[in-house]
Every structure is written in C-alpha cells, then in structure tokens.
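Colleague: Thanks for sitting down with me. Could you walk me through this one, a question at a time?

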Number of protein chains: 2
Amino acid sequence: MVCKSGIDYSLYLVTDRQLLAGKDLLATVEQAIRGGVTLVQLREKELCTREFYHWAQRLKTVTDTYGIPLIINDRADIALAVDADGLHVGQEDMPLSVARQILGTEKIIGVSVSSVEEALAAQAGGADYLGVGAIFATATKRDADSVSLPGLQRIKEQTRLPVVAIGGIQAANVRRVMETGVDGAAVVSAVIAASDPYGAALTLTRRIKEC
Amino acid sequence: MVCKSGIDYSLYLVTDRQLLAGKDLLATVEQAIRGGVTLVQLREKELCTREFYHWAQRLKTVTDTYGIPLIINDRADIALAVDADGLHVGQEDMPLSVARQILGTEKIIGVSVSSVEEALAAQAGGADYLGVGAIFATATKRDADSVSLPGLQRIKEQTRLPVVAIGGIQAANVRRVMETGVDGAAVVSAVIAASDPYGAALTLTRRIKEC
C-alpha cells in the first residue's frame, strides 16, 4: 500500500492495450517505470470482468515491485479485488461520493475534469487529484472535451489538488504543459506505443524535471 | 435488506432493456412483481458505469417497495453502490472467492454454471444459489452453453444449493423445467418482451405453483 500523501504525479502512465503493437503490456509498463513513470493507471474498456481482474492482478505485481501506485480506471470492484492504490473516475463513471463510500478514505480517487466548475466540484467532493484534459488532440479518446493550456492553468490556480494534465502529451510538448504549474503529465501513446518505452519514459522524465 | 435465508427463487426475472420494445423498464418490472416475480436481476452489458448505477438505484426503489431482492449482474461495484441484495456472476465475471471478499457474507451471490463440476465448484466456493442454463435455445444470450433437462436435474440432485434454471423459459415450457425439481425459473423475454408483463408473470407463477 502506497501512502496517499506525498504521491509523485509527475509522469502518470495510462495503459491502452490497443496501442501496444505486439509488445507485452507488463513488460512495457515495467520498462516505463524504469524510465521514470511515477504512477500507473490500468484503463480497460472492452474486457470482461474476469480478464480485467486478471490484468489488474498481474499489473499490481509489477507496480508493487517498484513501489509505484496502481490506479484502476472506472471500476471500483476491480480496485477492491486487487487492493489497488486507487480509482480514477470520469464524468460518466460512478459519482465520486459513491466511489468514496465504497473505497474508503485511504484509497486515492482521481476525477477527470475539463472545467474549473467540475474541478471545484471534485475538490469539494473529496477527490485526491484531478485529471484535466484533453490538452492536445488525441486519437486515444476522441470524445474527450478539450482544455487549452490557459484553461489548464486556471484549473491549477483555482484548486488546491494535484493536477495531472492528459491528452496528446508527448516529449515535444510536455514542457509547455508543465510550465502551466501542473503537478504531472499523463501519457498514453507517447509511452505505450513507443518501440522503446524505457527510452520514451526517460526522455519525458528529463523534460518534466527540467521544468 | 432482504434476509438471505428463505429467499423465494421461484420466478426470477432478469432484465434486458433491449427487449422492452418501448415499454418503461421500471414499470415493466413493477408489473412483473405484481404478477408474481419473486426476485429481480439487473443485467446491463452496454451501459457506462454512471448509467448502470442510476438504473440500479431506480430499480432498487421498486424492489424495496415490494420487499423483493435485487441482484446485480457482474458488477460488484454497482451492487455495493446501491446496497443491492446480491450479485450474480458468470464464468467470465469476477471469481466467486473475490466477489465474496468484496461483498461480505450477508450478500447473496449467485453463480452461472452449466455442468455438475462447475456447480460443485461454486457450492464449495460459497455460492448462495446456482443459475443453470441455457436450458432452451435463447436469442438473449447466444453464446451460452446449453444444458439439457436431465443435465439440469443432475445438477439439482448433486448439489444442496437452490437452483434456478435459465434460457428460453416461457409459459409453454416452464412446467417441464420445474418438474426436474429445481427451485425456480429465470425468465427474460417471456416477461420483459411481453405486451402485458403483469399477465405474463401471473401465468408463469400459476404454472410454477402447480408443480
């Protein structure tokens, strides 16, 4: 169990098995962690519950080995089943208040927001961090609302929670994102689709640390 | 909260919103309960978590009004979120042992099985009842394994749990099902797709009680 306070949100990896292009998910995540990823979210929208559970179990052994928090997207039952460190909910997932009731106060709960209003509501509702996006156009989540860099900065300035930016973030644009003052950058394809996930994570980590 | 012992499994309704043909889900379930349905399972495979949660909440107000147990298909998080009476898991859902750990001993957990081996495993694992099928061909769940009436009878005879048969059960064949000695018949289209869900449930109830 990772302690909830003092979590390093700086390089937040969100999985997407569709983007692996033949690579192994567990090996990819492990290389990414060795390259500097500080937190991993397992996101699965197509799997049956049993397969989701099995992937979460296996991923947990990897994140536990490196002492990295594992966050489960959407599914509080999977988070409980593998004793994950937390849950990430979007606006179409379980309401934050209900998720908190199910998971208790010790688990991390992150909420996807795309406006100051949603951010303040999530903060008031007891979220532990905010996922804000999509910052840049992304093929991973075509239906996502978009948030400009100034919009991202406003959300960071008007809330007191850690803010992780998401959506189309790559080595080439991560500095512009971090310069808004946010606590971290979430990446999907920049690491998952990379032929060298370790190198991709390492480059991102260096650029983030320079900010 | 419905007491776990002494549950009447005789006419078990499984929802399917696709079969409503314009009818309202809540009104359909309410009429079915008035017609004799003794237990309701909310089964949703296509909804996002938030919508599933909202339907479960609304259905719970109906089942609570009539003191009928509400079982949630597959999703332990939704079962917890609405404090449903139980969870039904298939062989592709969460393993029974994990579901039990999440839900605790007071909740009903049913398991879909299609062989004596699966039935005995579910019994040993602490299931509260068995859903056995598909007994007859069904358009609702095309990928289901099939179980003959003698196969159903064998499962009932070789286990000590309540057995609910499922798959293509209608007024015309429910007697043959109940004559195997099972504790109940689960229906989907026979009630959900009926133009008169009350009448359909009433006819099924009478035929079940005659056995």
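Colleague: Which strands does helix α9 of chain A lie across, and at about what angle does it run to β1(A)?

Modeller: Keep in mind that this is a predicted model. Helix α9 covers residues 197–210 of chain A. It lies across β1 (11–14) and β8 (184–187) of chain A, and its angle to β1(A) is about 145°.

Colleague: Those strands must belong to something. What do the eight strands of chain A form, and in which sense do they pair?

Modeller: In order, they run β1-β2-β3-β4-β5-β6-β7-β8. From one strand to the next, the twist averages 25°. Together the strands make a closed barrel, and the pairing is parallel.

Colleague: Happy with that. Now, which strands does helix α2 of chain A touch, and what angle does its direction make with that of β3(A)?

Modeller: Helix α2 takes in residues 49–66 of chain A and packs on the sheet. There it touches β2 (39–42) and β3 (70–73) of chain A. Its direction and that of β3(A) make an angle of about 160°.

Colleague: How do α1(A) and α2(A) lie: roughly parallel or roughly antiparallel?

Modeller: Helix α1 of chain A is residues 25–34, and its axis comes within 10 Å of that of α2(A). Residues that meet across the pair include A:L26, A:V29 and A:I33 in α1(A), with A:L59 and A:V62 among those in α2(A). The crossing is right-handed. The axes cross at roughly 25°, and angles under 35 degrees count as roughly parallel, so α1(A) is to α2(A) roughly parallel.

Colleague: Over to chain B. Is B:A27 buried, partly exposed or exposed?

Modeller: B:A27 is found in helix α1 (residues 25–34) of chain B. Its C-alpha is 9.7 Å from that of B:L59, 32 residues apart along the chain. With a relative accessible area of 29%, B:A27 is partly exposed.

Note on methods:
Residues numbered from 1 in each chain as written. Chains lettered and ligands numbered in written order. Predicted model: local features only at pLDDT ≥ 70, side-chain atom pairs only at ≥ 80, totals over all residues. Heavy atoms only, no water. Pairing = 2+ DSSP bridges. Helix = DSSP H or I, 4+ residues; strand = E, 2+ residues; numbered from the N terminus. Axes fitted to C-alpha atoms, helices over the stretch in contact; angles between N-to-C directions. Contact = heavy atoms within 4.5 Å. Buried < 20%, exposed > 50% of the residue type's maximum accessible area, 1.4 Å probe, protein only. Parallel < 35°, antiparallel > 145°, perpendicular 65-115°, else oblique. Left-handed = near helix turned anticlockwise from the far one by under 90°.
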